[in-house]
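Here are my notes on the model you sent. They are grouped by topic, one point each.

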Amino acid sequence: MWDDAFPSFLIGLREGLEAGLIVSILVATLVRADAKSRLPQVWTGVLAAIALAMSFGAVLTFTAANLSATAQEAFGGVLSVIAVAFVTAMVFWMRRSARTFSGEIREKVTGALGMGAGVLMLTSFLAVGREGLETALFLWTTARAAGESAGPLTGAGIGLVLAAVLCWGLYRRVLRINLAKFFTATGVVLVVIAAGVLGYGLRDLQEGGVLPGLTTYAFDLSGSVDAGSWYSTLVQGVFNLMPTMTWLQVVGYVGYLVVVLPLFVRGVRGERVRTPEPESAPAPEIVSSPRRRPVWVVPVAVVAVPAVVAGCVVALARPKPASSQTVAVSETECGKGFTAPDTGRQTFQMHNTGDKTAEVYLIDPATGAVYGEVEGLAPGTTRDLVATVAGGSYAWRCVPTGAKAVTSATVHVSGTGGAVKAVVPVSESDLAVPLTTYKAYVDQGLATLETRTRQLSADIAGNHLAKARTDWLTAHRTYSSLGAAYGTFEDFDQEINGRADGLAGGVANKDFAGFHRIEYGLWHGQSASELKAPAQQLATAVVGLRKAFPTQDFDPGDLPLRAHEILENALQFELTGDTDEGSGTNLATVDSNLAGTRELLTVLRPLLTKESPTLLPAVDAAVARLQKLLDSAHHGGSWTPVEQLSRPEKARLDGATGQLLEDLAPVPDLLEIRKSA
């Protein structure tokens, strides 16, 4: 959070100080001109400027939220580039104007005093409004880059408060600041930050399809730099430098710095600037006018008008109301009432008029690809199906329980295509070959596990405890590599790999059994006689599992789910050290879990390549990254215990595992089994 706060703190401080100085000079001039009655006019202008800036921020936030994902990227990219232009212009303007800043403002105030309330109000409004709009735009772009708003808003708030304190000090003449040096120093930092915003904006434009080169990387340091470490987070938050950047980002970032930074530094070289401070000004002739309206009318109006305008813009920018089509579903009819919808995000009211629960899919009739679905639509009920519609052909497919699938007539929607991605449905038959291949892998693994647990039992029976520790790890790693099959092992898993957590008495409970029971004894000085029975029980359970496995029900839908769940459990239990009973080999278990995940991906690869060609390269890179980190913790026959990892090492492991989990997250949806005709 705090790394994301710094750029916003700096912009809040600069813009707040700039606007605050103008307001303090306005106030000082009015006070010394004995025109305190005109102060409400200044504060009304300030209030209007703040309302405008906040309304502008609301428009940016809510109109962007109503765009599609691709349009949001393009919109954010364009505004990032505009924000960079504003910030660049601002730092150059302040560099030139710092020496004569207060004198120019006094001249404007003196002129405004003689021209009536409207001009004075407009002067303060324009002075503060420009800074407010720039601040709102910069905050929006930095919050978008950070992926959260708490840090940027907190940083900006602190900067604005500090700016207000500094301006009060200058006004009261208890503080002296060399404004030229201040704006020069912060200007250099803002130029560097703006380069990062430009790079991020260019990446947004690439992701939005406006600019090419999204997959053309200048460098990819994600394998050697931990994206979750404090230093990486700080660099990304402050400078928007990421471990992976495209060539366009790098060229834009470096090019901006090469051009802008020398121009800025050259312009300030040799300048010596005195600190401006409010001075006495000759009192102008005050032209008073009688009040014709209550004093609260104008302040309320200047706040309400921007808010109302912003509300109208947000309302008009929202997508058109979703389709209110009601589509009937039954055993004999599917899609009754369906007409060609408008393009965009649409909501269809699916009403089951039949006697059976049904699965309902909005499909591309040519390929069977699914755009949206409702599962388990009960008789007599109505549920919404939300889908994004582009140009193309659409039909409904209804699959009542125990009945044949029914497909509606096809409707054609005019407009551009390609903006909506459909998922080609996967059936049980599609997963039959991967399931058979994986079951053969598990069966072979169980045969190896049986041999190794018998050896472990023999070691303990012969009082060879040192050898038993080595053979324990070998056997446990074999079992840990079969993670995708755990769901079919039923009660055998508790007997083979149960944990003491939740048992009364913990490790002393008589029901504590399996690998972790033996681990506790081997690494806590228990004798061979104490471990003989648990070792024999483990070997017996493995034999029972091997015999039972061929007859157990292995749901094909479990394969895609396990692709994510194996390492999810590793992150939750192994990388936290929760399952360590003394051996310190949690990372060896993670290594075996990763091997099991790799085997699972191998059998699913043909389907995943068909469903999402771009997914597997990212997954493979993430697997290799995690494997490299695990290898660095493996030293001959020993592994670094989790609790002995340094903080950066632990952060890199957690970050690499988290990234791999994120890359694997789409697999269950891509390979979800859907009923079809």
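1. Main nonpolar core. This is a predicted model. Its largest nonpolar core has 69 residues. Ile496, Leu587, Leu608 and Leu660 touch the most other members. H17 supplies the largest share of this core, with 10 residues.

2. Leu608. What does this residue touch, once neighbours within four places in sequence are left aside? Leu608 is in contact with Leu601, Pro613, Leu615, Leu616, Val667, Leu670 and Leu671.

3. H11 against H17. Helix H11 covers residues 432–461 and helix H17 covers residues 586–611. They pack at an angle of about 155 degrees, and their axes are 9 Å apart. Angles over 145 degrees count as roughly antiparallel, so H11 and H17 are roughly antiparallel to each other. The crossing of H11 past H17 is right-handed. On the H11 side, Pro434, Thr437, Tyr438 and Tyr441 make the contact. On the H17 side, the residues are Gly596, Glu599, Leu600, Val603, Leu604 and Leu607. By class, this contact has seven nonpolar residues, two polar and one charged.

4. Asp459. Buried or exposed? Asp459 sits in helix H11. Its relative accessible area is 2%, and the cut-off for buried is under 20%, so Asp459 is buried.

5. Asn463. Asn463 has a positive phi of about 65 degrees, although it is not a glycine. Asn463 lies in the loop between H11 and helix H12 (465–480). Its relative accessibility is 51%, so Asn463 counts as exposed.

6. H14 against H15. Helix H14 (residues 515–522) packs on helix H15 (residues 528–548) at an angle of about 155 degrees. The axes of the two are 9 Å apart. H14 and H15 are therefore roughly antiparallel to each other. Their crossing is left-handed. From H14, the contact uses Phe515, Arg517, Ile518, Gly521 and Leu522. From H15, it uses Glu530, Leu531, Pro534, Ala535 and Leu538. The classes are seven nonpolar, one polar and two charged.

7. Burial of H14. How many of the eight residues of H14 are buried? Seven are, so H14 is largely enclosed by the rest of the structure. The buried residues are Phe515, His516, Arg517, Ile518, Glu519, Gly521 and Leu522. They pack against H11, H12, helix H13 (492–497) and H15.

8. H18 against H19. Helix H18 spans residues 615–632 and helix H19 spans residues 647–664. Their axes come within 9 Å and cross at roughly 160 degrees. That makes H18 roughly antiparallel to H19. H18 passes H19 in a left-handed crossing. H18 brings Leu615, Ala618, Val619, Ala622, Val623, Arg625, Leu626, Leu629 and Leu630 to the contact. H19 brings Arg652, Leu653, Ala656, Thr657, Gln659, Leu660, Asp663 and Leu664. This contact counts 12 nonpolar, two polar and three charged residues. Leu660 of H19 is also one of the residues that touch the most other members of the largest nonpolar core.

9. Ala387. Where is this residue found? Ala387 is in strand S8 (residues 382–389). With a relative accessible area of 3%, Ala387 is buried. Leaving aside its neighbours within four places in sequence, Ala387 is in contact with Gly344, Arg345, Gln346, Leu362 and Tyr371. Ala387 and Val370 are 17 residues apart in sequence. In space they are 10.0 Å apart, C-alpha to C-alpha.

10. Overall figures. The protein has 20 helices and 13 strands. Of its 677 residues, 48% count as buried. Among contacts with a separation of 6 or more, 75% are between residues 24 or more positions apart.

Note on methods: Residues numbered from 1 in each chain as written. Predicted model: local features only at pLDDT ≥ 70, side-chain atom pairs only at ≥ 80, totals over all residues. Heavy atoms only, no water. Axes fitted to C-alpha atoms, helices over the stretch in contact; angles between N-to-C directions. Helix = DSSP H or I, 4+ residues; strand = E, 2+ residues; numbered from the N terminus. Parallel < 35°, antiparallel > 145°, perpendicular 65-115°, else oblique. Left-handed = near helix turned anticlockwise from the far one by under 90°. Contact = heavy atoms within 4.5 Å. Nonpolar A, V, L, I, M, F, W, Y, C, P; charged D, E, K, R; others polar. Core = buried A, V, L, I, M, F, W, Y, C linked by side-chain atoms within 4.5 Å. Buried < 20%, exposed > 50% of the residue type's maximum accessible area, 1.4 Å probe, protein only.
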